Amino acid sequence: QKLITFPNLGLSMMALPVNPSPPAETRLGQAHWGSFAEYVVVRHADINLVGLPDELDHPTAAALGCRFATAFRAVVSQGRVAAGEWVAVHGCGGVGLSAVMIAAASGARVVAVDISPGALELAQRCGATVCLDGGSLTGPGAVAAAVREATGGGAHLSLDALGSHATCVASVESLRRRGRHVQVGLLPAAQGRPALPMDLVIAYELELRGSHGMPAHAYPELLRLVTAGVLRPGDLITRTIGLDEVPDALTTMDRPTTGGMCLIEPR
């Protein structure tokens, strides 16, 4: 173990698990003390810490983990996005908006789906070609049908960035033949496992993949794109609060928001 000192309450800290294999995986702030502290013990720091470029400001660095980095791996590595493809993003929270920005910067055409007007407005600013209000689409398969219509036959790549039975199924059903679904949002165990349309998976030869965080060795490419201005995670920060406001923010996370990321800054 190494004791690492982080000024500004660790805004630029990014630590990832070593060889994760549930349930042995550990995370700072969950299995160990972390996050809101000036001094944090980081296990296996020699391979888990990522050095940040000097030109990267603290808000941008804070926006990278873990939502933006998670979305980067989901879109680029697991999703294998390509310029000119149609990408559907179901759920435009922190991960979803990051995915929209990353896919658009990769040259893809993006369909963003959410029920929040504020989130969809931000998705459009992040480069979404089409924004669909999922709350206005009723009936089984309505969201998937709207995505297929908007993309002229279905998305090449679709991501469930929320994590629910409805968004997972809609993501799979949004695909065209030989399309790729990436599950990013965690599915609540209390709801059980979703009933996936495996008949469609077989008939369309679809690819289903999961994506879970991003390893430390993969950060250089992401940081290169951020410092070059190709990706702008700081643009997703729409609200800044102090430490004294954290308890209220955490207890109201299940309520509607204005969209974007909330930054906690020491004052």
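Modeller: Oblique covers what is left once angles under 35 degrees (roughly parallel), over 145 (roughly antiparallel) and 65 to 115 (roughly perpendicular) are taken out. Before going on: this is a predicted model, where local features need pLDDT of at least 70, side-chain atom pairs count only at pLDDT 80 or more, and totals for chains, interfaces and linings use all residues. Residues are numbered from 1 along each chain as its sequence is written, and side-chain values use heavy atoms, with hydrogens and water left out.

Colleague: At roughly what angle do the axes of H2 and H8 cross?

Modeller: Two packed helices are described by the angle between their axes and the distance between the axes. Here the angle is roughly 125°, and the axes of H2 and H8 (residues 219–227) come within 12 Å. Axes are lines fitted to C-alpha atoms, for helices over the stretch in contact, and angles run from 0 to 180 degrees between N-to-C directions. Helices are DSSP runs (H or I, at least four residues), as are strands (E, at least two), numbered from the N terminus.

Colleague: Which residues of H2 meet H8?

Modeller: Contact means heavy atoms within 4.5 Å. Thr60, Leu64, Phe68, Ala69 and Phe72 of H2 meet H8 residues including Tyr219, Leu222 and Val226. Nonpolar means Ala, Val, Leu, Ile, Met, Phe, Trp, Tyr, Cys and Pro; charged means Asp, Glu, Lys and Arg; the others, Gly among them, are polar.

Colleague: How do H2 and H3 cross?

Modeller: The axes of H2 (residues 58–78) and H3 (residues 94–105) come within 8 Å and cross at roughly 50°. That makes H2 oblique to H3. Their contact holds 10 nonpolar, 2 polar and 1 charged residues.

Colleague: Now the charged residue. Is Arg180 buried or exposed?

Modeller: Buried means under 20% relative accessible area, exposed over 50%, partly exposed in between (1.4 Å probe, protein chains only). Arg180 sits in strand S7 (residues 175–183). Arg180 counts as buried because its relative accessibility is 9%.

Colleague: Which side chain makes a polar contact with the side chain of Arg180?

Modeller: A polar contact pairs N or O atoms within 3.5 Å; within protein, one must be able to donate a hydrogen and the other to accept it, and residues adjacent in sequence count only if both atoms are side-chain atoms. The side chain of Glu85 makes one with Arg180, at 2.8 Å. Glu85 lies in the loop between H2 and strand S3 (86–90), and counts as buried at 13% relative accessibility. The backbone oxygen of Gly79 also lies 2.7 Å from a polar side-chain atom of Arg180.
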